[in-house]
Amino acid sequence: MRRAIFLLPLLLAACQPATVRPAALADTPAATPLPAPLPPSTPPPPMPPIPGDSAWLLAQPEPPIRPTGDARVDAYRAELFADRAWGPVFRRLLADLTADPAIVAGYDRMRAIDEPAEYVRFYVTPERIAAGRKIYRSIGQGAARPTAGDGSPLELTVALWGALSDYGARRPEYDLLQALVVLRAHDRLRLDTAFPVHDAALLVLDRKVERAKLKGWDSGRMGDVQYSPDFYRRMARDGDGDGMADIWDNRHDILANLAIPVREEQAMLVIAVKPENFDRSDPGQSRIVEAMAQQRMTATYFKRWDGAPWPAAAIRWYGRYTEPFGKDGPAFLLMGAADPIAYRDPYRDYYEGNAERGFVLAVGLLAEAIAGRPIPDLATMR
């Protein structure tokens, strides 16, 4: 029996509707212990300074401090209050903070999604595919290869939006500062910055985002695109030229911040079949895999899963070979956009964002399905 393998570009992935039961949050696996943080390779950065135009907040009287309802959150908040420079800011922003236990519980449930099959089961559902196709057709308006800015394939952008917020149908429900403090107090948060709470406070102090609009997830990230506050401050894009980057309600801004530029030859998911006798453990054949990952060999070494011939462009397709479902399941070539997509997994620390994790696979399959391209039966990835 021929074994299936996919050639997966970093941002595109598709799948035909299958009889897959939508994965509810309650269906996710039980929480697993978090890994210990990796030792820093460089000294931690200094605490960010308070901006000079913060007088508007500091001019307000300090409100009474109320218990959060969680001893660990109270203790961490007290540390923030005790800082000589930042304490007056946090006493005004966090005085009435409450410790919602649903934040940690939601983080743990999503964090427990760890195996490729779990990612596929949770993210690639018939409902999410159907909703994504509707948006894709509406925005693409019949273009042969619609893009979402900067050369990002539209199906990849839409799939990422679907994975992160169900195309805006799921809304971030927590005050971002509340979520960050609770997660940090319970050792659930190690983002791309040493001071995530301070970075979120800077958004308020700089008046980049109104506090009432600064909504986040149980991941500690914010908006439909699930940016960390530091990443938003440095990288957020204005998609419609109005001078703002509204990643909560403005579709143009949301799509602009989901788009990941890729070269044209890396912008497709190609599904292939492994050679009949392919064995990754064989030294000779393992060198082929290594050569492909280093872009010294083309994907045409493999056969497509559906038996169709490779297009002429396949001579320029390279990727990392991976067998996420073992010898009996489909294999994949992960194309150039795999790393940027891996880093968008909201429940993985950035140093964990390796492309072999299931988030890349799930987003890729979802993208292929949204674009109407076929993939093997999802049941083979359960």
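Arg348 is buried, with a relative accessible area of 5%; buried means under 20% relative accessible area, exposed over 50%, and partly exposed in between, with a 1.4 Å probe and protein chains only. The model is predicted: local features need pLDDT of at least 70, side-chain atom pairs count only at pLDDT 80 or more, and totals for chains, interfaces and linings use all residues. Residues are numbered from 1 along each chain as its sequence is written, and side-chain values use heavy atoms, with hydrogens and water left out.

Arg348 makes a salt bridge with Asp114, with 3.1 Å between the closest N and O atoms. A salt bridge here is a side-chain nitrogen of Lys or Arg within 4 Å of a carboxyl oxygen of Asp or Glu. The pair links distant parts of the chain: Arg348 sits in the loop between helix 13 and helix 14, Asp114 in the loop between helix 4 (101-111) and helix 5, and 234 residues separate them. Helices (H or I, at least four residues) and strands (E, at least two) are DSSP runs numbered from the N terminus. Asp114 counts as partly exposed, at 31% relative accessibility.

## Salt bridges around Asp166

The salt-bridge count comes to 16. Asp166 takes part in a salt bridge with Arg128, the closest N and O atoms being 2.6 Å apart. Arg128 is buried, at a relative accessible area of 8%.

Asp166 has a further salt bridge with Arg170, where the closest N and O atoms are 3.1 Å apart. Arg170 is partly exposed, with 30% relative accessibility. Elsewhere, Arg171, Lys213, Asp224, Asp246 and Asp249 are linked in a salt-bridge network.

## Helix 7

Asp166 directly follows helix 7 and has a positive phi, near 55°. Helix 7 (residues 154-165) has twelve residues, and from its first C-alpha to its last it reaches 16 Å, close to the expected 16 Å at 1.5 Å a residue. The expected span is 1.5 Å times one less than the number of residues.

Twelve of the twelve residues of helix 7 are buried, so the helix is largely enclosed by the rest of the structure. Among the buried residues are Leu154, Glu155, Trp161 and Ser165. The buried residues of helix 7 pack against helix 5, helix 6 (126-140), helix 11 (251-258), helix 13 (338-342) and helix 14; a contact means heavy atoms within 4.5 Å.

## Aromatic pairs

Across the whole structure, a search finds nine aromatic pairs. The ring centres of Tyr119 and Tyr123 are 6.1 Å apart and their planes lie at 15°, so this pair is stacked. Rings of Phe, Tyr and Trp (its six-membered ring) pair if their centres lie within 6.5 Å; planes under 30 degrees apart count as stacked, over 60 as edge-to-face and the rest as tilted. Both tyrosines, Tyr119 and Tyr123, lie in helix 5 (residues 116-123), four residues apart, about one turn of the helix. Tyr119 and Tyr123 are both buried.

Tyr123 also pairs with Phe359, edge-to-face, at 5.6 Å centre to centre and 85° between the planes. That pair links distant parts of the chain, as Tyr123 is in helix 5 and Phe359 is in helix 14 (residues 358-370), 236 residues apart. Phe359 is buried, like Tyr123. Together, Tyr119, Phe122, Tyr123 and Phe359 form one aromatic cluster.

## Loop residues and positive phi

Arg221 lies in the loop between strand 3 (215-216) and helix 10 (229-235). Arg221 is buried, with a relative accessible area of 3%, and its side chain reaches the backbone oxygen of Pro346 at 2.6 Å. Gln226 is in the loop between strand 3 and helix 10 and counts as buried at 5% relative accessibility.

Most residues other than glycine have a negative phi. Gln226 has a positive phi of about 55° although it is not a glycine. Arg207, also not a glycine, has a positive phi of about 60°. Arg207 lies in the loop between helix 9 (196-205) and strand 3 and counts as exposed at 56% relative accessibility.

## The chain as a whole

The protein chain has 14 helices and six strands. Of its 382 residues, 53% count as buried. Among contacts between residues at least 6 apart in sequence, 74% join residues at least 24 apart.

Technical notes:
Polar contact = N/O pair within 3.5 Å; in protein donor to acceptor, adjacent residues only side chain to side chain.
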